[in-house]
Amino acid sequence: MTEFERMLVNSFNAYIEENDIRAISYRLKQHRFTPQFLDVLVDSLNPDLYLGIECKSISVDKGASALYFSQHFTVDKKGVHQIDRISDYLNKSGRRGFLAVELRMGAGHGREAYMVSWEELEKKYLTKNLKLTLEEIRSFPEIKRDGKDYRIDPGEWERK
């Protein structure tokens with residue numbers, strides 16, 4: 001589990017506890033030869049909190065200017081792209097899907113994170129747009145920081 005994924009799970013569970021919501025956030029243990037559909041899952045009877053989240057981090061300080069569908073996502077042995085696999089899982093499970101993107105700015109600088117709706121990501125992928133630029137990523141709702149942690153508020157994730 002990456003640090004970003006762990007922070008999101010902990011932040012979701014803090015939000016759930018603070019708001020006395022019947023839900024839980026977790027990450028399934030990843031096994032070497034078993035595919036993992038998503039990085040972070042949230043289970044709840046509330047459909048707004050029945051979520052599946054894929055996490056990606058890019059190093060802006062090392063020159064990354066975009067999140068590329070060919071570089072940052074995988075293709076399995078059957079030739080199925082990760083976005084297609086996740087879209088299929090979200091459709092079958094009924095979960096709301098998101099891509100959480102963390103922008104790492106380098107040592108001594110803060111990090112930024114944004115929540116991209118899976119529907120919008122999938123549309124971009126299906127229209128053969130091969131990347132999300134930093135400007136596009138930053139146009140999505142930001143996951144605000146609270147010290148070193150993230151402050152989760154799913155109500156803020158609707159695109160403005």
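Arg 95 is found in the loop between helix 2 and strand 5, where helices (H or I, at least four residues) and strands (E, at least two) are DSSP runs numbered from the N terminus. Not counting residues up to four places away in sequence, Arg 95 touches Tyr 26, Leu 41, Val 42, Asp 43, Tyr 50, Leu 51, Gly 52, Tyr 89 and Leu 90, contact meaning heavy atoms within 4.5 Å. With a relative accessibility of 9%, Arg 95 counts as buried; the term buried stands for under 20% relative accessible area, exposed for over 50%, and partly exposed for what lies in between (1.4 Å probe, protein chains only). The side chain of Arg 95 makes a polar contact with the side chain of Tyr 89 at 3.4 Å, and one of its polar atoms lies 2.9 Å from the backbone oxygen of Val 42. A polar contact is here a pair of N or O atoms within 3.5 Å; within protein, one must be able to donate a hydrogen and the other to accept it, and residues adjacent in sequence count only if both atoms are side-chain atoms.

The model is predicted, and for this reason local features need pLDDT of at least 70 and side-chain atom pairs count only at pLDDT 80 or more, while totals for chains, interfaces and linings use all residues. Residues are numbered from 1 along each chain as its sequence is written, and side-chain values use heavy atoms, with hydrogens and water left out. An open sheet is formed by 5 strands in the order 1-2-3-5-6, with mixed pairing, two strands being paired if DSSP finds at least two bridges between them. Its edge strands, each of which pairs on one side only, are strand 1 (23–26) and strand 6 (111–117). Neighbouring strands of this sheet are turned by 20° against each other on average, direction ignored; axes are lines fitted to C-alpha atoms, for helices over the stretch in contact, and angles run from 0 to 180 degrees between N-to-C directions. Strand 1 and strand 2 (residues 40–44) pair in the antiparallel sense over 4 bridges, and Ala 23 stands opposite Ser 44 in strand 2. Helix 3 (residues 118–126) packs on the sheet, where it touches strand 3, strand 5 and strand 6, and its direction makes about 80° with that of strand 6. Helix 2 (residues 82–93) lies across strand 2, strand 3 (51–59) and strand 5 (96–104), and runs at about 160° to strand 3.

Ser 44, which is found in strand 2, counts as buried at 12% relative accessibility. Leaving out residues up to four places away in sequence, Ser 44 touches Ile 21, Arg 22, Ala 23, Leu 49 and Tyr 50. A polar atom of the side chain of Ser 44 lies 3.3 Å from the backbone oxygen of Arg 22, and a polar atom of that side chain lies 3.0 Å from the backbone nitrogen of Asn 46. The C-alpha atoms of Ser 44 and Ile 16 are separated by 9.9 Å, the two residues being 28 residues apart along the chain.

Val 75, by contrast, counts as exposed, with a relative accessibility of 52%, and is found in the loop between strand 4 (66–68) and helix 2. Apart from its neighbours within four places in sequence, Val 75 is in contact with Val 80, His 81 and Arg 85. Between the C-alpha atoms of Val 75 and Arg 85, which are 10 residues apart along the chain, the separation is 9.2 Å.

A pair of aromatic rings is described by the distance of the centres and the angle of the planes. Rings of Phe, Tyr and Trp (its six-membered ring) pair if their centres lie within 6.5 Å, and planes under 30 degrees apart count as stacked, over 60 as edge-to-face and the rest as tilted. By this rule the count comes to 4 aromatic pairs. In one of them, the rings of Phe 4 and Tyr 150 have their centres 5.7 Å apart and their planes at 70°, so the pair is edge-to-face. This pair links distant parts of the chain, with Phe 4 in helix 1 (residues 3–18) and Tyr 150 in strand 9 (residues 149–150), 146 residues apart. Phe 4 is buried, with a relative accessible area of 2%, and Tyr 150 counts as buried at 3% relative accessibility.

Phe 69 and Phe 73 form an aromatic pair that is edge-to-face, with 5.8 Å from centre to centre and 65° between the planes. Phe 69 is buried, with a relative accessible area of 3%, and Phe 73 counts as buried at 4% relative accessibility. Ring pairs link Phe 69, Phe 73 and Tyr 125 into a cluster. Charged side chains also meet these rings: the charged end of Lys 56 sits over the ring of Phe 73, 4.6 Å from its centre, and the charged end of Arg 145 sits over the ring of Tyr 150, 4.5 Å from its centre. A charge sits over a ring if NZ of Lys or CZ of Arg is within 6 Å of the ring centre and within 35 degrees of the ring normal.
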